[in-house]
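These are my notebook entries on one set of chains. I record what I looked up and what I found.

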Amino acid sequence: MALDETNNAFVRFDRVQKSYDGESLVVKDLNLDIPKGEFLTMLGPSGSGKTTCLMMLAGFETATHGEILLDGVSINNIPPHKRGIGMVFQNYALFPHMTVAENLSFPLEVRNMGKSEREAKVKRALDMVEMGDFGGRRPAQLSGGQQQRIALARALVFEPELVLMDEPLGALDKQLREKMQFEITRLAHNLGITVVYVTHDQTEALTMSDRVAVFNDGVIQQIDAPDVLYEQPKNSFVAQFIGENNTLEGVIEDIKNDVALVKLDNGDVIDAKPVNVSAKGERTRVSIRPERVEFRKDRLKKGAHLLNAEVLEVIYMGDILRTRLNVAGNTEFIVKTRNAPDQTRLTVGEVIEIGWLPEDCRALDA
Amino acid sequence: MSDTTTSLVAADGTPLKRKLAQSLMRSRARAFGLALPLLAFILVLFVYPIANFLTQAFYDARFATLMPGTTEVLKDWDAVSAPTEEMAAVLVADLVVSKKEKTIGKVATRVNRELSGTRSLFTKTARSAKKMEAPYMEALIKKDKDWGDIEVWQAMKTASRVYTPAYLAAAVDLKMLADGSIVRQDEDRRIHVILFWRTLEISFLVTLFCFMLGYPVAYMLSTLPARTSNLLLILVLLPFWTSLLVRTTAWIAMLQAQGVLNDLFVVFGLAADDDRFSLIYNKTGTLIAMTHILLPFMILPLYSVMKTIPPSYVRAAKSMGATNWTAFWRVYFPQSVPGIGAGALLVFILAIGYYITPALVGGQDGQMISNFIDFHMRKSLNWNLAAAMGLVMLVFVLFMFWIYDRIVGIDNMKLG
Amino acid sequence: MKTIMSLTTASVLAISAGTAFAEGSITAVSWGGAYTKSQVEAYHKPWTAATGNTVVSEDYSGGLAEVKAQVESGSVTWDIIDVEKSDAVRGCDEGLFMEIDHSALPNGADGSAAADDFIPGSFTDCAVANIVWSTIFAYDSSVMANGPTSIADFFNLDAFPGKRGLRKSPKANLEMALAADGVASADIYEVLGTDEGVDRAFAKLDTIKDSVVWWEAGAQPPQLLADGEVAMTTAYNGRIFNAVASEGKPFEIVWDAQVFDVDMWAIVNGAPNAELAMDFLKFSTATEQLAAQASYISYGPARKSSAPLVGSYHSNASLEMGPQMPTAPDNFATAISNDFEFWADNQDELNERFNAWLAN
Ligand SMILES: Nc1ncnc2c1ncn2[C@@H]1O[C@H](COP(=O)(O)OP(=O)(O)OP(=O)(O)O)[C@@H](O)[C@H]1O
Ligand SMILES: [Mg+2]
């Protein structure tokens, strides 16, 4: 992990486990440090335990085992309302019987803040999300995106140092979602708050976060910065889950000088970078990103292994060309090429040779 | 083409507006047709009979139809001067007919309601009316000296009115005199106003108790997993499935002086053995029993409303620093108000009309207005007064609805 | 709303009555419980045995409301009904009952003509008496060793502390209150006929009002006594007798100032089986049937000729029924004869006053 294990973790999950029914663990041995000011995203398929982690942090669920520390202090026994954590819910949870301004003023009222101070803060928060004119409306009179912004403003108005967001953009259309993604990251960085963000949209995770924790089955599979996560997935789940990915299956023939020789199931042999494979004879799944596949030999290293591929389909997408190939029996093998003037155009039915740099081809667990 | 410049036309040339109206009309007619059986059902079995019955509150043609001649002459009588021989003659003629037609009992009952003690005067006189001869006034007085009493004639005059405010007046402890003026009922006869107030008081208290007991239960039900809550809902509905007699017997066993509850009080030293609490056959009994039986009507709407309040609201409130109480009071409670409104209105209105339970466990001070409607329906057979009291109640319930609409808003009510 | 209810039930019953029952069946309506049982044993079964016609027995709780609803809606399903005398008179006046030719009633077993055989007051235009019953008061002798002996004791809370059970109606209560206040049995209705008399009766009731548990159905008073809810209660004598004779309850009847009355058979106007019902009426009011009934319940037969035939309790040969009757000389000394005419005239007013008195 890139993070040092000293005391500067603002939020720390220490060997946390959670079970709802006493039979199965929904969260298994979670260890996670989040430094102050970080934008951390929890990403994972449905049911992988993301919301559960968030709820434990917010205090609405108790950890079955382990400790959660906030700023070095264990918060296991601190009730939710004393934790000072802002929260944005998936359905926004704006109070329907209060106006927007009353919603925003609520956290300030419970802190016994004076009226004028409250009004000033509410106004500032509304302006921050560019909703200054909407204070008198009821939540039901707002569009989805507007509600989302109000929910965000409400979570921030009492100036918490930590804000949790549980799929806050799930209900929005693509354009609005992209706009909001930008606004949330901008605000988070401007205000210097720590954000724990939950989503199962990987694009969202990649574009917004400082670091992304990929969850599966109650376990963090990998936690890294977006580019690392994308380019150097540590196992095949992460490789599959993040971004588009081609896989070929085979057996390790040999590992030498940090290069693994993989014999694919159809008998072809390729080079790959061993990631979580170690022994000869082990089954492996190699992963290559579509944009790292080359079919121009001049761009490859001398002596690189090449594979035969039959062009099955070419899809013109404007900025890129997406080509579907049959490679070593995998008919869903995708190659993306930039639509540049010097690019070769392939035709359907043509048989070509393809290859890649060994470090772009990662041999992962089967 | 010149006339179509202002209005759009449909493909076949008819103006679009008319076309739209036609198509809407057709679908509405079809929908109405589907609802027609229910409408007819309600009209025939509910609206018409009730309206018909309630007209008895101010319409009573019994005397006028059975004693037509007398009614006619009484109309011209000023109710102050002495009754004339002509009136006596017509009365005797009418009595002869009503004796023959066996309607004298109805006439006597009607007049007796205006002046107590005249029932036998009429039935007795009718029996010998056939043999009477002129001068009739003398013959009548010879039969019974009460005929010389002007009050009897005044009572007949009052009874002869077809449209009469007398019953409605009686329903609110007023009485109408022969000259049509209305005064307050004698003090030892005033009862209905007290009963209306008591009915209000009991209904209000029952609603309050149902709310206090039902709210936490409904809340608990709404937070439990569906399987458990369905099971518990069945328990909530259990009182409905128990026969009234079983239920009443259970209450008696529980609440009577030698009952389970009092035994417990004695065991725990809360009551002396020879000075046990009176928990049944009084207002307390009515309150306990009615709260028990009406509780589901509070719980069900509350439950169905609470079920729709996502837990995230309270969580959001807490995450913003609200204590449990503040989160409940400021966020949860206001959203459960539609359920409270529906439940309270339901319980209140049902309570106002309740009579079986108070009759069984109410004793003397736990009786409500409906018990007296029942009394007049079944025992005294004074259906006109029953109708009048029913009408007063109906008006009152509508008034409550109106108030509710003003304060909470009828569209803000969720019945489930 | 009540009317609609009874109207619809009445019509439902009419339909079922028309289809379900074969010819030769009547519907007899009575008060239920031990009383109806005594009629079933003494009237219904022998009649069925003698004629082959059957009796469908239905219960009601008194009053004319149902009859009125049936007659006025024109769907009569009841044929013959056991009513109190005041209701028999009133129902007759209102045309709810058929007139009866009393000369058609059979002579007594001793040969006396019906008109002489029946005790005075047994005939009204539309009804014939079958039994004499009375309202008495009773107490639990296992609780009170030296129990009350007079009506004055009933109103004496100092000497006999404890709750009192009273019927929720002015009838019998006002009479007993006056008797307890020293009015002689024969003068009761004369006193009650005056405003002062009514005030006096209510004033007497006032002295125990706070200790009263009100009952409505005849089955309640024995239950109240058995549960210890009341120390003493007014009741119908037959109900108390039954609790003693068949359930072995230690109840004692105090006959002082008993208010006695007759119950009568009346035939509903427009009854579907009026002729059969008349036959049943004649049969059931014959000397033997009335005497037989007296072995099931302690209500006195309305025929004098039945008295010598009254034996012992049907399930206990050593329990002589004669002394249990309201009409037994020992019980009858201070008896008050219920004045139906007084009540027909004054019940509306006195009910009103009584209800107001209760509610305040
Ligand atoms: N209150 C609960 N009681 C029992 N099991 C629960 C409860 N809440 C969640 N679970 C289970 O715990 C697991 C993890 O749930 P969680 O809500 O944390 O998933 P998630 O990662 O947030 O999924 P999603 O992306 O669909 O929101 C799931 O299998 C779920 O069924
Ligand atoms: Mg979730």
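Which domains does the domain assignment of chain B give? I find domain 1 (3-48), domain 2 (62-159) and domain 3 (193-412) of chain B; such bounds come from an automatic or database domain assignment.

**Entry: conventions.** I am working with a predicted model, in which local features need pLDDT of at least 70, side-chain atom pairs count only at pLDDT 80 or more, and totals for chains, interfaces and linings use all residues. Residues are numbered from 1 along each chain as its sequence is written, chains are lettered from A and ligands numbered from 1 in the order in which they are written, and side-chain values use heavy atoms, with hydrogens and water left out.

**Entry: domains.** I looked up the separation within chain B: the centres of domain 1 of chain B and domain 3 of chain B, taken over C-alpha atoms, are separated by 44 Å. For chain A the assignment gives domain 1 (11-236) and domain 2 (244-365). The C-alpha centres of domain 1 of chain A and domain 2 of chain A are 39 Å apart. Their contact (heavy atoms within 4.5 Å) takes 8 residues from domain 1 of chain A and 10 residues from domain 2 of chain A. I note about 760 Å² buried between domain 1 of chain A and domain 2 of chain A, 42% of it on carbon and sulfur atoms. Buried area here is the accessible area (1.4 Å probe) that two parts lose on being put together, summed over both. On the side of domain 1 of chain A, A:Tyr230, A:Pro233 and A:Ser236 supply 63% of the area buried against domain 2 of chain A, more than any other three residues.

**Entry: the open sheet of chain A.** I followed 6 strands that form an open sheet in the order β6-β7-β8-β3-β9-β10 (chain A), with mixed pairing. Strands (E, at least two residues) and helices (H or I, at least four) are DSSP runs, numbered from the N terminus, and two strands pair if DSSP finds at least two bridges between them. The edge strands, each pairing on one side only, are β6 (85-88) and β10 (219-224) of chain A. From one strand to the next the twist averages 20°. Axes are lines fitted to C-alpha atoms, for helices over the stretch in contact, and angles run from 0 to 180 degrees between N-to-C directions.

I then checked individual pairs. β6(A) pairs with β7 (residues 162-166) of chain A in the parallel sense over 4 bridges, and A:Met87 stands opposite A:Leu164 in β7(A). Helix α1 (residues 50-58) of chain A packs on the sheet and touches β3 (39-43), β6, β7, β8 (194-199) and β9 (211-216) of chain A; the direction of α1 makes about 150° with that of β7(A).

Is β3(A) mostly covered or uncovered? I find 5 of the 5 residues of β3(A) buried, where buried means under 20% relative accessible area, exposed over 50% and partly exposed in between (1.4 Å probe, protein chains only). A:Phe39, A:Thr41 and A:Leu43 lie on one side of β3(A), with A:Leu40 and A:Met42 on the other. β3(A) runs parallel to β8(A), joined by 5 bridges, and A:Thr41 has A:Tyr197 as its bridge partner in β8(A). β3(A) is also parallel to β9(A), with 4 bridges; there A:Leu40 stands opposite A:Arg211.

**Entry: the barrel of chain A.** Here 5 strands close into a barrel in the order β11-β12-β13-β19-β14 (chain A), the pairing being mixed. Its twist averages 55° from one strand to the next. β12 (residues 259-264) and β13 (residues 269-274) of chain A run antiparallel, joined by 4 bridges.

**Entry: nonpolar cores.** A nonpolar core is a set of buried Ala, Val, Leu, Ile, Met, Phe, Trp, Tyr and Cys residues joined through side-chain atoms within 4.5 Å. The largest has 104 residues, and A:Leu57 and B:Leu294 are among those with the most contacts inside it. Helix α14 (residues 283-307) of chain B gives the largest share of this core, 10 residues.

**Entry: chain contacts.** I count 17 residues of chain B in contact with 22 residues of chain A. About 1800 Å² is buried between chain B and chain A, 66% of it from carbon and sulfur atoms. No contact joins chain A and chain C, whose closest C-alpha atoms lie 42 Å apart.
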